Amino acid sequence: MITLESDYNNGCHPQVLQHLMETNNCKSMTYGYDEWSERAKQKIKALCEAPEAQIWFLVGGTQTNATVIDSMLHTYEGVVAVGSAHINTHEAGAIEFTEHKIITIEGRQGKMDAADLDHYMDEFLHDGNADHCVFPGMAYITFPTEYGTLYTAAELDALYQVCRKYDMPLYVDGARLGYGLMAPGNDITLPYLARHCDAFYIGGTKVGALCGEAVVFTHANAHPHFFSIIKQHGALVAKGRVTGVQFDALFTDNLYFDISRRAIDRAMEMKRIFEQRGYPFYIDSPTNQQFVVLDNDEVERLGRHVRFTVWGKYDEHHTICRFVTSWATTEEEIEALRTAVLG
């Protein structure tokens with residue numbers, strides 16, 4: 001059975017595992033104050049061209065989003081996101097569990113438009129009842145989006161300028177950041193991202209690590225007690241070296257970017273297979289997530305050979321299905337998919 005339902009359904013990259021094994025018998029400081037975590041932080045700062053950045057390693061994406069957002073908001077504030085945003089659709093109310101409301105605005109192909117955010121903020125601030133409402137305290141986006149689409153550098157800049165206009169931080173969820181950075185046509189780099197948001201995270205769980213995400217506060221703007229907030233959220237690993245060692249490996253010799261690029265190469269091969277078969281796409285994605293519209297009978301047939309995600313109903317006779325490659329997807333798996341799809 002070919003498995004294309006997820007990009008975190010495997011272990012970790014062999015070089016990450018090797019680094020874990022090589023350091024296994026070494027003694028270290030705990031809670032992320034070890035030599036490998038520090039080395040990984042320095043590598044990330046250099047790649048972001050942000051020597052003043054503050055970096056923290058957390059255990060997973062949901063914990064990271066809940067912890068970062070909670071740390072950046074006052075008790076009376078909420079976070080603005082598009083309706084399809086990951087925190088609004090696939091995190092089981094984790095943000096609301098911290099007693100912060102997710103304020104949704106309309107998205108465009110999964111993206112937040114700067115003009116839409118500007119319009120929302122202008123209307124909110126001129127509403128005579130604003131003091132009775134949850135105050136929009138920050139903006140949240142993902143790169144890539146939940147639909148595998150990408151912001152352009154111009155779009156990100158426009159969004160950041162709106163956030164600066166209203167003195168609200170912009171936070172970027174980068175669970176699949178590597179796949180976005182390596183996607184064809186992308187014009188955003190790590191340094192550009194660091195200059196155009198107030199915090200973001202570099203996804204490890206979905207890009208070669210066993211677990212872990214690297215949060216980057218780009219302007220030395222982390223909450224002064226962020227360590228305690230991480231622990232309060234249950235996102236602090238006592239053996240912090242586990243994440244530090246992994247990111248040390250991922251950011252050695254461009255490994256993070258190389259394995260992300262390979263996943264994109266496999267995704268583009270997969271996309272061509274679906275195009276050759278004549279399947280329509282729900283949305284045009286240049287990343288490792290491909291959303292294909294299948295006849296309901298074809299969903300059942302293909303499901304006997306390939307694991308994929310049923311994303312949602314398209315109409316009475318068709319279903320939106322998501323196929324995902326990862327750093328671990330092989331050429332052999334893509335060839336097996338070709339046989340299953342084309343016969």
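The protein chain carries 28 positive and 46 negative side chains. The centres of these two sets lie 7 Å apart. The model is predicted.

**Overall shape**
- The chain has 343 residues, and a compact globule with that count would have a radius of gyration near 20 Å. The protein chain has 20 Å, so it agrees with the rule.
- Along its principal axes, the C-alpha trace spans about 60 × 60 × 35 Å.
- The secondary structure comes to 14 helices and 12 strands.

**Inside and surface**
- Of the 343 residues, 56% count as buried.
- The chain exposes about 15200 Å², and carbon and sulfur atoms supply 49% of that area.
- Take the contacts between residues at least 6 apart in sequence: 73% of them join residues at least 24 apart.

**Recorded domain**
- An unreviewed UniProt entry lists residues 29-236 as "domain: Aromatic amino acid beta-eliminating lyase/threonine aldolase".
- Over residues 29-236 the chain is 37% helix and 18% strand. The end C-alpha atoms of this stretch are 14 Å apart.

**Backbone details in loops**
- A cis peptide bond joins Phe 143 and Pro 144, with omega at about -5°. Pro 144 sits in the loop between strand S5 (135-142) and helix H7 (153-165).
- Glu 49 is not a glycine, yet it has a positive phi of about 55°. Its loop runs between helix H2 (35-48) and strand S2 (54-58). Glu 49 is exposed because its relative accessible area is 57%, and the cut-off for exposed is over 50%.
- Ala 220 also is not a glycine and has a positive phi of about 55°. Ala 220 lies in the loop between strand S8 (213-217) and helix H10 (226-232). At 43% relative accessibility, Ala 220 counts as partly exposed.

Key: Residues numbered from 1 in each chain as written. Predicted model: local features only at pLDDT ≥ 70, side-chain atom pairs only at ≥ 80, totals over all residues. Heavy atoms only, no water. Helix = DSSP H or I, 4+ residues; strand = E, 2+ residues; numbered from the N terminus. Rg over C-alpha atoms; globule rule 2.2 N^0.38 Å. Buried < 20%, exposed > 50% of the residue type's maximum accessible area, 1.4 Å probe, protein only. Contact = heavy atoms within 4.5 Å. Areas by Shrake-Rupley, 256 points an atom, 1.4 Å probe, with all protein chains shown as cover. Lys, Arg positive; Asp, Glu negative; His and termini not counted. Charge placed at Lys NZ, Arg CZ, Asp CG, Glu CD. UniProt positions renumbered as here; feature names shortened; annotations may be inferred.
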